[in-house]
Amino acid sequence: MAPSTAGAITLTINGEKHTLPVDNRTTLLDALRERLGLTGTKKGCDQGQCGACTVLLGGRRVVSCLQLAVAAEGREVTTIEGVADGERLHPVQQAFLDLDGFQCGYCTPGQICSAIAAIEEHAAGWPSAATTDVRPEAGIPPLTADEIRERMSGNLCRCGAYVSIVQAVARAAEDSARTAGRTDVTDVEGAA
Amino acid sequence: MREFDYRRASDVPGALALLGTEPEARYLGGGTNLVDLMKSGVERPALLVDVRELPLERIEVADDGVLRIGATVTNSDLAAHPEVRRRYPALTQAVLAGASGQLRNMATVGGNLLQRTRCAYFADVSKACNRRVPGSGCPAVAGEHRNHAILGASTHCVAVHPSDMGVALAAFDAVVHYATADGPGAVPLAEFYLPVGDTPHRETALPPGALITGVTLPPAPVAAASRYRKVRERASYAFAIGSVAAALDVRDGVVHDVRLAFGAVASRPWRAQAAERALIGGPATAEAFGAAADAELTAAEPLPGNGYKVTLIRNLVVAVLTELAEESRQTEEATR
């Protein structure tokens with residue numbers, strides 16, 4: 001078996017199949033930005049510490065800077081360019097706009113992708129480090145400001161827009177719960 | 001980054017065979033540590049064998065009550081699993097105390113055990129490090145070692161193992177299972193990480209080329225009342241400067257069973273057996289908890305810059321065990 005340090009991969013990105021040759025060293029982040037022109041996903045630290053490069057891989061949030069593109073072969077990727085429904089913004093995008101969940105905007109695509117997944121994880125009943133009682137019998141914890149801060153702690157914002165980000169995530173969670181027939185998932189002020 | 005070949009394995013024998021084709025090969029799990037180390041040049045594999053698609057992604061309770069956790073189970077799935085949350089809540093808490101939501105979705109149980117120290121000298125290829133380059137020296141002993149080991153270290157290396165998950169696994173007598181070309185094997189987590197001595201570059205008891213296939217936890221009723229508490233320099237998303245996994249079974253004020261392990265104090269998750277022995281059969285009081293912590297920490301050899309960890313761990317032990325004892329007392333009263 002002769003070593004091969006590059007190869008062609010196929011990714012389904014925002015519902016569309018893309019086949020591209022990549023050097024095995026290419027991260028998913030660099031493939032998206034440099035090869036496919038999807039520059040919404042941002043490069044911050046490139047070390048998995050800031051969350052600016054967050055995308056959804058197979059529906060789950062990941063940091064694309066530590067994901068080798070070749071190891072994502074055959075999988076589905078959703079980037080910030082793919083979260084809206086045509087002209088209709090995703091509820092998390094709308095909440096970030098309505099509640100000023102950003103200042104310079106550089107971390108925002110990662111914040112929004114992360115928040116979309118965080119809201120789904122919470123709705124699926126996943127506890128967090130802020131959850132007092134993690135036993136399944138305790139049920140789904142209310143999405144308090146502490147829960148949101150903990151669940152979003154993988155996304156840094158150098159402008160410090162955290163207060164509004166927490167409100168935006170709470171608003172979006174409330175909206176999505178209402179759509180699913182649940183209410184009062186959060187007690188964050190300004191969210192309802 | 002060095003150029004490398006990439007192969008995806010679909011079964012365990014295939015993964016072992018692929019790794020055997022190249023002496024400088026590494027298994028790739030979630031990649032959250034390995035890819036980062038490849039970027040900085042600490043790791044320079046010629047071949048990555050991707051094991052993420054191996055059929056090792058299940059968590060199940062066996063007939064004998066043993067919890068079997070596949071090696072490719074993600075940290076997220078481990079933490080969210082109902083049986084883990086019910087039987088070993090401290091394990092869920094430990095996993096959730098580590099990294100971020102994004103990283104927990106990528107990271108795997110096998111990879112978590114094999115992650116490398118976050119010692120800044122290890123991560124910097126321009127610096128000496130006995131763990132990275134045997135015999136090159138350890139600048140941390142006389143340098144920046146605020147978050148380094150107080151137990152079980154040597155003059156050759158004072159780095160700590162960064163895992164939170166491993167601390168809970170150590171408390172609950174986890175066994176690491178692996179496959180080799182010559183057949184399967186298993187090693188208790190207590191013996192999985194080798195003593196540092198003068199060979200810090202030899203980190204685990206895994207045979208060369210072995211692939212971790214899973215972790216088992218024996219049934220432990222005491223673990224149902226367990227807790228993981230982590231201290232770090234910010235509220236979330238940081239490595240521990242000290243942590244404790246504890247489980248406590250108190251009956252009529254007497255310690256019937258106890259499990260105790262410390263994190264961020266040694267090159268491995270530190271099972272506090274001296275403290276456990278001191279507690280069994282004795283009173284469940286803050287004084288006894290403190291004395292038990294002292295019994296364990298008498299072996300501590302702090303460096304000039306990390307003596308705070310001795311006090312920190314002692315305080316954590318007293319706080320967590322006191323909470324668990326109080327909850328146990330309330331449960332006893334409620335069921336009386």
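# Chain A and chain B: what the terms rest on

User: What share of the contacts in chain A with a separation of 6 or more comes from residues 24 or more positions apart?

Analyst: Residues 24 or more positions apart account for 55% of those contacts in chain A. Two residues are in contact if their C-beta atoms, placed from the backbone, lie within 7 Å. In chain B, the share for residues 24 or more positions apart is 64% of the contacts with a separation of 6 or more.

User: What do these values rest on, and how are residues, chains and ligands labelled?

Analyst: The model is predicted: local features need pLDDT of at least 70, side-chain atom pairs count only at pLDDT 80 or more, and totals for chains, interfaces and linings use all residues. Residues are numbered from 1 along each chain as its sequence is written, while chains are lettered from A and ligands numbered from 1 in the order in which they are written.

User: Which helices and strands does chain A have, and in what pattern?

Analyst: Chain A has five helices and five strands, in the sequence order β-β-α-β-β-β-α-α-α-α. Helices (H or I, at least four residues) and strands (E, at least two) are DSSP runs, numbered from the N terminus.

User: How does chain B stand against the globule rule, given its helices and strands?

Analyst: Chain B has 12 helices and 12 strands. Its radius of gyration is 20 Å, close to the 20 Å that the rule gives for 336 residues, so chain B is as compact as a globular protein of that length. The box filled by its C-alpha atoms is roughly 65 × 50 × 35 Å along the principal axes.

User: Why is B:Phe172 called buried?

Analyst: A residue is buried if 20 or more other C-beta atoms lie within 10 Å of its own, exposed if 12 or fewer, and partly exposed in between, with C-beta atoms placed from the backbone. B:Phe172 has 24 other C-beta atoms within 10 Å and is therefore buried. The residue sits in the loop between helix H8 (165–171) and strand E6 (175–180) of chain B. Leaving aside residues up to four places away in sequence, B:Phe172 touches B:Tyr88, B:Leu91, B:Leu217, B:Ala220, B:Ala223 and B:Arg259. Of the pair B:Phe172 and B:Ala223, the C-alpha atoms are 7.2 Å apart in space, and the residues are 51 apart in sequence.

User: What makes B:Asp173 partly exposed, and what is said of its phi?

Analyst: B:Asp173 has 16 C-beta neighbours inside 10 Å, so the residue counts as partly exposed. B:Asp173 lies in the loop between H8 and E6 of chain B. Its phi is positive, about 60 degrees, although B:Asp173 is not a glycine. Most residues other than glycine have a negative phi.

User: Why is A:Asp46 called partly exposed?

Analyst: A:Asp46 has 17 other C-beta atoms within 10 Å, which makes the residue partly exposed. A:Asp46 is in the loop between H1 and strand E3 (54–57) of chain A, and its phi is positive, near 60 degrees.

User: Which residues of helix H1 (residues 28–35) of chain A are buried?

Analyst: The buried residues are A:Leu28, A:Leu29, A:Asp30, A:Ala31 and A:Leu32. They pack against strand E2 (16–23) of chain A. After H1(A) comes A:Gly37, with a positive phi near 70 degrees.

User: How many residues of chain A are in contact with chain B, and which elements contribute?

Analyst: In chain A, 33 residues are in contact with 30 residues of chain B. Strand E4 (60–63), helix H3 (108–123) and helix H4 (145–151) of chain A each give two or more residues to that side. E4(A) gives the most, with four residues.

User: How do helix H11 (residues 286–297) and helix H12 (residues 308–335) of chain B pack?

Analyst: H11(B) and H12(B) pack at an angle of about 145 degrees, with their axes 9 Å apart. The axes are lines fitted to C-alpha atoms, for helices over the stretch in contact, and angles run from 0 to 180 degrees between N-to-C directions. Among the residues that make the contact are B:Phe289 and B:Ala293 of H11(B) and B:Ile313 and B:Val317 of H12(B).

Terms used:
Rg over C-alpha atoms; globule rule 2.2 N^0.38 Å.
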